[in-house]
Amino acid sequence: MDEEQAGERRTVAEGATRLVGRDAELARLFRTVDAAGSADPVLVLLGDVGIGKSALLERAVRRAEARGTRVLRATGSESESHLAFSALHLLLRPVADETDSLPERQRTALHAAFGTGPAPSEPTAMLIGMAVLDLLSGLGERGPVLVVLDDAQWFDRASLDALSFAVRRLADEPFTMLLAARTGDGVPGFDHHVPTLAVGALDDEAAGRLLDEQPQGVRVSGPRPKSQSQYQSWSQSRPQAPLPSGRKRKEILDQAEGNPLALIELTRAATTGAPVSVSAHGTTAQESAGPGPAPGPLPLTAHLERVFAARLNDLPTSTARALLLFAAMDTVDSATAAVAALPDVEDETWLPAERAGLIRKSGPDAQGGGSGLRFSHPLVRSAAYHAASLDARREAHEALAARLGDEPDRRAWHRAAAATGPDAGVAAELEQTAERARRRGGHAAAASALRRAADLAPGREEGARLLVAATGQAVLTGDLAWAEELAAGVRARTDDPALLAETAAHVGRLATLTVRHHVVFSRLADAAAELTTVQPVTALDLLAGAAVTGFYSGRDDQRRRVRDLLEELPPDASPAWLRAWVRTVADPFDDRADLLSLVPQVASEARGRPDRLTAFAVMAWLLDETPQAVRAFDEAFDRWGTRGPLPDGLGGAAAWTYVEQGRWARAQEACARSGALGSATGLDHTVACAAAVEAMVLAHQGDTAAARERATTALALIDPLESRSVAVYARRALGAAALADGAHDTAYDQLRKVFTADGAPVHYHASYPALADLAAAAVRSGHREEALTIVERAARTLAENASPRLRALIERARGLLADAKNDEDPRAPNTPQGSGDAESHFRAALADPVLVHWPFEYAQVLLDLAEWLRRRRRIAEARGPLAEALEIFQRLGAHPWAERARTEARAAGLGVTGTAPAPGALAELSPQQRQIVGLAARGMTNREIGERLFLSPRTVGSHLYRSFPKLGITARSQLRDLVEGAVTAAGHQG
């Protein structure tokens with residue numbers, strides 16, 4: 001290559017990364033890159049096309065590499081956005097050898113995702129996310145890691161989901177991620193509460209400086225030769241042209257409006273005599289041959305694309321043909337390029353395009369491979385592709401499809417691009433592609449393939465069938481708008497009731513997880529009503545979704561409609577177990593005895609089916625059959641493994657079941673699962689529910705600041721009138737946190753909001769468990785009479801339909817309120833009638849041995865009774881319940897309650913001196929650290945703990961490292977004795 005050619009290539013490369021007027025943006029980028037391991041490891045750059053996002057990323061990469069940071073980078077590809085995990089494969093290719101160190105299941109899942117191993121029988125999205133998490137965390141052990149994603153709006157959804165899953169769990173590790181995307185496009189998984197940097201237009205002074213720094217061009221002279229041999233001498237014979245000045249300079253600056261790419265390309269066009277200039281206002285003008293008709297207004301993107309397209313006319317035929325083939329394949333995979341028979345990167349065929357600024361050579365490892373070619377900008381690729389005729393584009397895709405026999409997914413899409421009308425063969429290939437994507441967990445890619453297959457299907461009914469399947473896959477991405485768009489396509493193609501009903505059921509299952517409960521309920525209930533006689537099985541399926549939405553909403557009118565529609569269904573035309581389930585979800589206190597009689601039938605249907613197991617577990621939970629619910633959820637989690645969240649987004653019910661049975665660590669694991677789903681898919685209701693449950697656990701454990709933060713987060717994510725269930729859960733958690741702090745007025749204010757002004761429950765199921773805490777807050781804040789009215793109203797409403805648990809809570813509330821009444825009358829303690837009221841209620845609460853299945857609530861009643869007995873100087877009688885309550889609170893890790901019981905025990909003369917050493921040491925840990933320590937004490941490795949809690953092994957190790965000094969130990973082997981000693985000491989305390 002001669003010196004002039006090398007100089008031109010340097011100019012192109014430098015122009016691509018030249019930065020003028022970006023000091024503020026660079027400072028923000030550098031702060032992010034330099035602060036690897038911060039609480040906010042992600043920054044998204046948003047800006048219009050050509051605004052300079054890629055150049056900013058390049059500077060950040062240079063800075064990171066100069067500081068010894070390991071950089072992984074990938075650029076989104078529009079034509080590959082429908083290939084599941086293609087972007088992730090590109091990103092991780094430079095560290096492919098690192099996958100050998102992953103656990104076998106993660107390694108297998110990752111290889112399957114990349115198509116380098118057999119596809120799994122079921123989707124493994126969570127395993128893939130964990131594999132990415134472990135891989136990046138492992139790299140971080142050797143030094144800081146920077147991940148750079150350019151044109152992220154074109155990354156396939158499966159890759160984004162895996163990366164967002166991992167990134168949220170890499171906080172405080174030496175990891176940073178930078179993403180660049182076009183304004184308005186958004187990046188799924190990174191558009192919720194992620195810091196952004198808006199990259200705007202250059203100011204006038206910076207725009208002028210950038211224009212002045214452009215290289216001089218060469219004038220067009222004579223006709224452009226089309227042969228490669230004549231092109232080189234022609235291009236070297238052109239005279240230089242000065243930079244534009246005067247009116248021409250002002251026109252360029254005005255037209256570019258501070259967009260760097262527009263300014264550079266307009267200047268280049270002016271100095272080379274190119275025929276087209278563009279205006280950001282949407283006007284064009286002919287500059288070389290005098291005035292002419294001006295085309296209509298175009299957006300800036302289209303203007304720039306036209307500038308690039310104009311340069312294609314100057315290229316030799318062989319170069320134009322190679323560019324079209326390159327644009328049609330749009331991949332940086334050198335192996336694929338070789339298969340596609342593109343000219344070698346050093347071939348002179350590319351030189352005219354490189355001199356025209358249309359392509360550039362990339363250095364080694366730029367995308368995980370060796371040297372290669374890149375379009376200088378995505379708009380160049382678009383221009384090269386769309387400037388060609390339809391026949392030329394079709395021929396290019398056919399040529400690529402013929403050469404990609406070993407890559408069936410790429411081949412299918414190229415055949416689809418070449419199709420000019422319905423083609424059953426191509427539609428079948430796309431359907432197979434969708435199935436492969438589905439089995440790898442690439443639901444978005446599967447939906448896209450099925451949608452394109454529907455377009456190519458020879459019949460409307462076949463197209464409708466494929467769109468129904470596409471809708472089902474889109475639902476699994478959490479993108480409700482997309483699912484509804486596909487469903488509209490089904491309705492436009494067919495009147496088949498079965499297909500329409502299946503579509504409605506698909507959309508309904510996702511819609512129940514959004515915060516639009518009122519709209520979703522109406523849609524599902526209306527669809528069910530239309531199908532009660534013609535499609536009763538589908539109608540019941542839709543009604544089940546309506547019942548779930550009605551539960552979240554908590555509206556009485558919706559419950560009544562579910563019951564009415566259920567009665568309209570033919571009794572023998574739909575699954576009996578599902579009817580029972582819908583009845584329970586809609587109203588668990590409607591003839592509870594009859595519903596309990598149906599539990600064995602539902603349990604029988606659930607055997608061996610993880611999805612049915614969760615349905616049975618939810619029914620048992622709603623009926624306060626907690627032991628059965630816990631066993632079912634345990635089995636469902638074990639069967640479901642790490643394939644993803646529990647079916648139908650019912651992880652919140654699982655978490656509440658574990659909370660109520662005192663298995664708080666397990667509850668937090670369930671919250672991690674459902675929270676991971678909600679965060680990845682933008683389902684705020686799911687995230688809010690998980691946050692509310694976690695807030696309750698934190699409140700019980702005494703981490704009240706964290707409890708308030710999580711409860712406040714839950715309330716911020718939902719409309720309390722749309723999601724009464726989550727609002728009530730969050731208020732209960734805030735009340736519990738206030739009780740733990742001794743702030744009884746605040747506790748009463750929060751818990752009072754769980755009931756309406758006239759004392760009715762805000763939510764027909766979630767409000768009732770708050771009755772006892774409401775009474776406890778009321779007696780210490782002067783609201784006894786109001787609380788008593790609410791408690792007695794609940795008792796009358798529930799009557800014989802109250803579960804043993806709720807009867808115990810009501811009796812505890814009555815005991816507390818009766819005790820308060822006696823305290824208001826100094827004579828009451830000496831009055832047998834007055835003193836006996838409270839005691840009888842407390843003992844009635846403890847009478848049913850089933851209450852032990854709710855250990856925290858059971859211990860609260862024991863403590864209330866013991867306090868009542870001691871205040872009446874019946875100290876010997878108080879000691880037994882006190883000792884039992886203290887043991888339970890310490891075993892659960894309910895530190896505020898344990899301390900209250902310990903104080904009472906001292907007053908009762910139990911000889912308690914200070915805090916038990918082991919529980920006290922554990923109490924100094926955060927809830928998550930206690931959880932990790934408990935799992936490590938059971939012999940689990942950091943990686944196993946990480947998989948359980950969705951954390952990186954490095955994060956687990958960091959928590960353990962920080963925990964050891966607080967626990968007074970130096971080795972992991974000491975954890976088991978310490979934890980077991982804590983439990984033993986708690987059991988013998990007092």
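Predicted model: local features only at pLDDT ≥ 70, side-chain atom pairs only at ≥ 80, totals over all residues.
Me: Let's take the open sheet of 5 strands: what is the strand order?
Reply: Helices (H or I, at least four residues) and strands (E, at least two) are DSSP runs, numbered from the N terminus. Two strands pair if DSSP finds at least two bridges between them. In this sheet the pairing is parallel, and the order reads 2-3-4-1-5.

Me: How much does the twist average from one strand to the next?
Reply: Angles run from 0 to 180 degrees between N-to-C directions, using axes fitted as lines to C-alpha atoms (for helices, over the stretch in contact). Going from one strand to the next, the twist averages 15°.

Me: Which residue in strand 4 stands opposite Val-147?
Reply: Strand 3 (residues 145-150) runs parallel to strand 4 (residues 175-182), and 5 bridges join them. Leu-149 has Leu-179 as its bridge partner in strand 4. On the other pairing, 6 bridges join strand 2 to strand 3, with Val-147 as the partner of Leu-72. In strand 4, the residue opposite Val-147 is Met-177.

Me: How many residues of strand 3 are buried?
Reply: Buried means under 20% relative accessible area, exposed means over 50%, and partly exposed is in between (1.4 Å probe, protein chains only). In a regular strand the side chains alternate between the two faces of the sheet. Here Val-145, Val-147 and Leu-149 point one way, Leu-146, Val-148 and Asp-150 point the other way, and all are buried. That leaves strand 3 mostly covered, with the buried count at 6 of 6.

Me: At about what angle does helix 3 run to strand 3?
Reply: Helix 3 (residues 53-66) lies across strand 1 (42-47), strand 2, strand 3, strand 4 and strand 5. Its angle to strand 3 is about 165°.

Me: On to helix pairs: are helix 20 and helix 21 roughly parallel or antiparallel?
Reply: Helix 20 (residues 443-456) and helix 21 (residues 460-475) pack with their axes 8 Å apart, at an angle of about 165°. Angles under 35 degrees count as roughly parallel, over 145 as roughly antiparallel, 65 to 115 as roughly perpendicular and the rest as oblique. That makes helix 20, relative to helix 21, roughly antiparallel.

Me: What residue classes make up the contact of helix 20 with helix 21?
Reply: Contact means heavy atoms within 4.5 Å. Among the residues that meet are Ala-446 and Leu-450 in helix 20, and Leu-466 and Ala-470 in helix 21. Ala, Val, Leu, Ile, Met, Phe, Trp, Tyr, Cys and Pro count as nonpolar, Asp, Glu, Lys and Arg as charged, and the others, Gly among them, as polar. The contact of helix 20 with helix 21 has 10 nonpolar, 3 polar and 1 charged residues.

Me: How do the residues of the contact of helix 22 with helix 23 divide?
Reply: The axes of helix 22 (residues 480-493) and helix 23 (residues 497-511) come within 10 Å and cross at roughly 170°. The two helices are therefore roughly antiparallel to each other. Their contact divides into 9 nonpolar, 1 polar and 2 charged.

Me: How many residues of helix 16 are buried?
Reply: Helix 16 (residues 378-386) is largely enclosed by the rest of the structure. Its buried residues include Arg-381 and Tyr-385.

Me: Is Leu-816 buried or exposed?
Reply: Leu-816 lies in helix 39 (residues 804-824). Leaving out residues up to four places away in sequence, Leu-816 touches Ala-772, Ala-775, Ala-776, Val-779, Phe-842 and Asp-864. With a relative accessible area of 8%, Leu-816 is buried.

Terms used: Residues numbered from 1 in each chain as written. Heavy atoms only, no water.
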